[in-house]
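Keep the structure open as you read, and look up each residue as it comes along.

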Amino acid sequence: LFRSHYYKEDYLMNILYNLVKSFAILQKKGICHRDVKPQNILCFEDNEYKISDFGEAKNFKKNMINGNKKYNNMNYNIEDNTMEQTLRGTELYMSPILFKALRTRAYQFVTYNPYKSDVFSLGMCFFLASSLSYEGLYEVREIIRNKDKTRLVVNRYLSMKYSQKYINVLISMLQIDEKDRPDFFELEKILDNLNK
């Protein structure tokens with residue numbers, strides 16, 4: 001996704017929409033990627049983009065009951081889409097909850113939604129592709145709680161080149177608190193509504 005000149009917004013939105021649809025299909029099948037980064041998004045002829053490198057991906061299909069919660073064999077809670085005790089991904093693109101666990105070495109205590117973590121990672125990829133600057137990614141990486149600060153950083157890098165509609169999609173993907181961030185089903189609906 002990284003280039004030496006800026007992408008046009010409609011081109012980025014088209015790529016984003018198609019990738020989100022692909023990730024939504026994976027989510028429906030119980031698969032999360034867990035290492036979304038620009039190097040794992042490949043461009044083919046006719047501007048066809050594909051997701052690659054599923055080496056860290058997990059399939060959450062085998063369910064079992066543990067107390068009142070329904071888990072599968074990877075400690076994945078089917079009811080609230082959270083997963084316990086796994087930490088995967090590339091540091092710069094990790095969701096804030098995973099990044100914090102990495103920094104504090106609290107691997108055994110982290111509980112997160114792997115799909116929403118993948119949404120954050122994809123948002124970082126598109127922020128990079130839109131800004132052509134790693135500085136913005138490092139600024140987002142340093143935000144711990146303040147969701148308004150995410151808005152300020154993303155707007156500062158993108159407002160001169162892209163519409164607020166596009167920027168708002170990226171901001172929703174880059175929410176610090178995963179409760180405020182969409183998963184791929186929700187993100188697909190957001191993008192569908194923008195295309196109406």
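This is a predicted model: local features need pLDDT of at least 70, side-chain atom pairs count only at pLDDT 80 or more; totals for chains, interfaces and linings use all residues.

## Surface and overall make-up

Residues are numbered from 1 along each chain as its sequence is written, and side-chain values use heavy atoms, with hydrogens and water left out.

The protein chain has 196 residues, and 50% of them are buried (under 20% relative accessible area with a 1.4 Å probe, protein chains only; exposed is over 50%, and partly exposed is in between). Seven helices and nine strands are found in the chain; these are DSSP runs numbered from the N terminus, with helices being H or I of at least four residues and strands E of at least two. Of the contacts (heavy atoms within 4.5 Å) with a separation of 6 or more, 62% join residues 24 or more positions apart.

## The nonpolar cores

A nonpolar core is a set of buried Ala, Val, Leu, Ile, Met, Phe, Trp, Tyr and Cys residues joined through side-chain atoms within 4.5 Å. The largest one here has 48 residues, and Leu-122, Phe-126 and Phe-127 have the most contacts inside it. Elements giving two or more residues to this core include α1 (9-28), β3 (48-51) and α3 (114-131). Helix α1 provides the largest share, eleven residues. A second, separate core has six residues, among them Met-94, Leu-98, Val-110 and Tyr-112.

In soluble globular proteins, nonpolar side chains tend to be buried together.

## Helix α2

Which residues of helix α2 (residues 96-104) are buried? They are Pro-96, Leu-98, Phe-99 and Ala-101, and they pack against β9 (111-112), α3 and α4. After α2 comes Arg-105, which has a positive phi, near 55°.

To count, NZ of Lys or CZ of Arg must be within 6 Å of the ring centre and within 35 degrees of the ring normal. Lys-50 likewise lies over the face of Phe-44, at 5.1 Å from the ring centre.

## Aromatic pairs

The whole structure holds five aromatic pairs. Rings of Phe, Tyr and Trp (its six-membered ring) pair if their centres lie within 6.5 Å; planes under 30 degrees apart are stacked, over 60 edge-to-face, and the rest tilted. Phe-127 and Tyr-157 have ring centres 5.8 Å apart and planes at 90°, so they form an edge-to-face pair. Because Phe-127 lies in helix α3 and Tyr-157 in helix α5, this pair ties together parts 30 residues apart in sequence. Both of these residues, Phe-127 and Tyr-157, are buried.

The rings of Tyr-162 and Tyr-166 are 5.2 Å apart at their centres with planes at 50°, so this pair is tilted. Tyr-162 and Tyr-166 are both buried too. Elsewhere, Tyr-7, Tyr-11 and Tyr-49 make up one aromatic cluster.

## Cysteines

How many disulfides does a search of the whole structure find? The number is zero, where a disulfide means a pair of cysteine sulfur atoms within 2.5 Å. Cys-32 is buried, with a relative accessible area of 1%, and Cys-125 is buried, also with 1%.
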